[in-house]
Amino acid sequence: MKPLKRGMTLPDFKYGSLSTTKIERLAPPRFVTFSLDSGFILLEPTVKEGDDVLVGTKIAAHSSYDSVPLHSSVSGRVVKVSTDSILIESNEADQRELSIRHEIPTEPSQIIQLIREAGIVDLGGSGFPTHLRLHEAREKQIHTLVINGCESEPFLTSDHVLMVNHAVEILKGTEALRLASGAKRAVIAVERNKLEAVEILNTKNYHLKFQDIETAHLPVRYPQGSERALAESVLEKKLGPLESALDCGVLVENVATAFAVYEAVYLNKPLYERVVTVAGPCVIEPKNVWARIGTRSRDLFRSAKGLLRKPARVLLGGPLTGKAIADLDVPITKQIPALLALSDELLPKGSEQACTRCARCVDVCPESLIPEKLMKAVVKENQSLALQYRINSCTECGLCAYVCPSHIPLTQLIHSGKTSQSQPSGAPSYATLLEG
Amino acid sequence: MQLFLKDKIDLPLVTGAGPYLHEGRSNFKTNWHTLAVMLPVFLASFFAFGWNALRIYAISMACAIFFEAAFQKATRQKIRVSDGSSLLIAVLFSWLMPETVPIYVILIGIFIAVICAKEMFGGFAQHVFHPAACGWAVVLCFSPSNFSSSFFWSSGSWFGTGIIFLIFFSGIILWLKKLIRWEGTFFYLLSAGLARYGLNLGGGNWDLGLVLMVAFFLMTDMPSSCMTKKGRILIPAITGFLSVALSTWMSVPEATVSAILISNAVAPLMETSLESVYGI
């Protein structure tokens with residue numbers, strides 16, 4: 001294992017939600033809201049207003065194979081259906097949809113089918129459907145499956161407590177993913193601030209005897225958990241600038257995904273809840289909870305005994321890659337690992353200044369980009385220059401803006417540059433001008 | 001709990017693009033920390049030269065602040081004297097001055113450094129050539145006769161040796177505080193040392209205090225050096241070689257600082273031409 005050279009060690013702030021490793025189970029919330037726009041395909045509702053649903057009832061799907069269905073997380077009645085969201089009122093009975101128990105499949109195609117039916121996506125943050133990645137992995141004949149338990153972003157502890165509490169399930173889910181992807185070995189990569197999780201995983205595997213699963217511990221460094229960083233660590237070589245991890249025969253999945261795969265394959269349970277860290281300096285009792293998909297942020301804060309003071313920002317996701325929300329009624333979706341209430345003293349202070357070319361962004365960039373050049377290319381709307389400096393390789397880990405002493409919002413600028421790359425610009429190019 | 005249940009949170013909450021954490025560095029802090037680390041050398045020069053040191057420092061600092069404020073006022077910018085960048089230039093410029101320099105020379109030099117080399121290029125950190133080196137070069141052309149006497153650390157006395165040690169000490173602290181990079185200093189000294197002792201170049205004036213000062217304070221200037229890794233090594237190495245070679249072959253007066261200006265001129269070219277597919 002060759003650890004990540006670039007990136008940097010961040011203050012982790014994980015102590016708050018790690019005062020207990022217990023994952024609290026909450027009473028079903030009164031209302032849940034499901035967003036039908038998962039970022040890839042807009043799902044179509046399969047229920048009508050007034051329908052009764054149970055826990056695990058399919059409420060939205062799409063005919064395309066690239067989509068995953070959405071399941072209700074409470075039992076109750078559908079209150080409202082619109083084009084992009086479904087509101088369900090819970091009757092608090094928490095009845096489960098009865099499913100026929102099936103044989104535990106061993107054929108890869110059956111496992112992939114089950115994973116798709118269970119609505120499993122990448123729970124680490126991207127939300128990309130897992131079955132598509134498994135198909136791609138089979139096509140490219142990968143040799144290694146890496147289960148990412150690094151969780152290097154500050155404040156997040158949901159993967160940590162999941163590994164401590166459900167090591168057997170994660171190992172079984174990993175084995176199912178390994179069979180489905182056709183990989184020869186699987187590596188569960190964990191950072192060294194979670195060594196007890198490594199110990200528990202090794203102990204459980206001693207009895208389960210999955211010969212092809214090994215564990216690895218890596219130094220604490222952000223963003224060790226990114227796909228390319230893990231692939232480089234496992235392969236012990238540097239990936240080419242345009243190679244993806246899958247091209248080199250490595251599939252990276254999150255531990256939360258492995259756990260969801262276990263539940264889908266062994267228990268036939270669709271993905272309707274996940275572990276969410278509710279933390280931040282403004283939260284009275286930071287903790288990890290089993291949050292049903294669609295639970296509003298307000299209810300999750302209430303489960304953590306509320307807020308101590310007025311939060312400066314409320315974030316869905318980690319402090320470097322997450323998004324600030326304006327409203328506490330925003331629901332949890334499948335790919336969100338944390339709900340944070342940040343106070344004023346943590347936020348960046350100071351106004352934006354001119355770049356001093358201190359090259360700290362160059363030092364920390366995990367993809368070896370030059371954020372300063374990209375920033376200038378985006379500001380000048382020079383798309384060819386941005387492409388020359390590989391703007392699409394940026395993973396938006398947020399480190400460049402984190403270290404910038406001039407407080408330039410580099411990550412935001414590069415993100416806007418990437419989105420404008422995909423859309424054709426209105427201005428005519430030089431070629432058309434000449435031809436005209 | 002109280003606060004939350006009474007719904008005292010005003011909605012909508014503030015949003016904005018991430019990341020929502022920051023390391024806490026700022027340009028303001030960087031400048032003033034650098035000035036603070038330079039303080040031992042600053043104080044030691046008073047012991048060595050007394051009133052002359054005070055005269056040079058006072059005039060150059062006052063002029064630098066006045067020129068910067070006046071220029072920013074005249075061009076209707078926000079006045080940013082408090083960021084300490086012009087003070088830094090003034091201190092570095094004074095270190096390049098001989099002991100008996102007349103006042104008008106300091107005035108011209110600071111004017112060139114602050115107005116022409118820094119403010120006209122766009123203000124703080126936008127310069128192409130190091131302002132202190134620029135001011136020094138112009139002053140040297142104006143009145144070379146004033147520069148016949150040596151710099152303040154090379155007076156030959158034990159003060160001079162002490163100040164050389166202090167410069168080295170401040171440079172190491174700058175590096176430990178991560179205010180400068182080690183590559184610039186290291187490769188500059190390495191290549192200058194190799195050129196002088198390895199290739200037996202240069203019997204000319206080899207001023208250890210000046211070389212160390214250039215290595216720690218001028219070579220490590222961020223805006224005028226390369227951002228890419230190869231450039232960070234190559235540019236100081238070229239500068240180090242040039243500073244020895246120029247003084248030997250072409251007998252350019254004070255080649256150490258001239259080499260800085262030459263390397264500043266080629267740094268942007270070096271940065272784009274040494275660009276590999278992999279970025280850095």
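A salt bridge is a side-chain nitrogen of Lys or Arg within 4 Å of a carboxyl oxygen of Asp or Glu. This is a predicted model, in which local features need pLDDT of at least 70 and side-chain atom pairs count only at pLDDT 80 or more, while totals for chains, interfaces and linings use all residues. Residues are numbered from 1 along each chain as its sequence is written, chains are lettered from A and ligands numbered from 1 in the order in which they are written, and side-chain values use heavy atoms, leaving out hydrogens and water.

**View 1. A salt bridge links E23(B) and R360(A).** Their side chains meet with N and O 2.8 Å apart. Between chain B and chain A, the count is 5 salt bridges. In general, side chains of opposite charge can pair when their charged atoms come close.

**View 2. Chain B meets chain A.** Here 41 residues of chain B and 65 residues of chain A take part in the contact (heavy atoms within 4.5 Å). The buried area is about 4,600 Å², with 60% of that from carbon and sulfur atoms; buried area is the accessible area (1.4 Å probe) that two parts lose on being put together, summed over both.

**View 3. A nonpolar patch sits on the surface of chain B.** Look for F168(B), I172(B), W175(B), L176(B), W182(B), F186(B), L190(B) and L194(B), which together have about 790 Å² of accessible area (Shrake-Rupley method, 1.4 Å probe, with only the protein chains shown counting as cover for residues). Patch residues have over 30% relative accessible area and no salt bridge; like charges are joined within 9 Å, and nonpolar side chains (Val, Leu, Ile, Met, Phe, Trp, Tyr) within 5 Å. Helices α8 (158-176) and α9 (182-198) of chain B each supply at least two of the patch residues, and L194(B) lies in α9. Helices (H or I, at least four residues) and strands (E, at least two) are DSSP runs, numbered from the N terminus.

**View 4. Two loops of chain A show backbone details.** Y222(A) and P223(A) are joined by a cis peptide bond, with omega about -5 degrees. P223(A) is in the loop between β11 (213-218) and α6 (227-235). A359(A), a residue other than glycine, has a positive phi near 65 degrees, and its place is the loop between β17 (338-342) and α9 (360-364) of chain A.

**View 5. E89(A) pairs with R30(A) in a salt bridge.** The closest N and O atoms are 3.1 Å apart. E89(A) lies in strand β8 and R30(A) in the loop between β1 and β2, so the pair ties together parts 59 residues apart in sequence.
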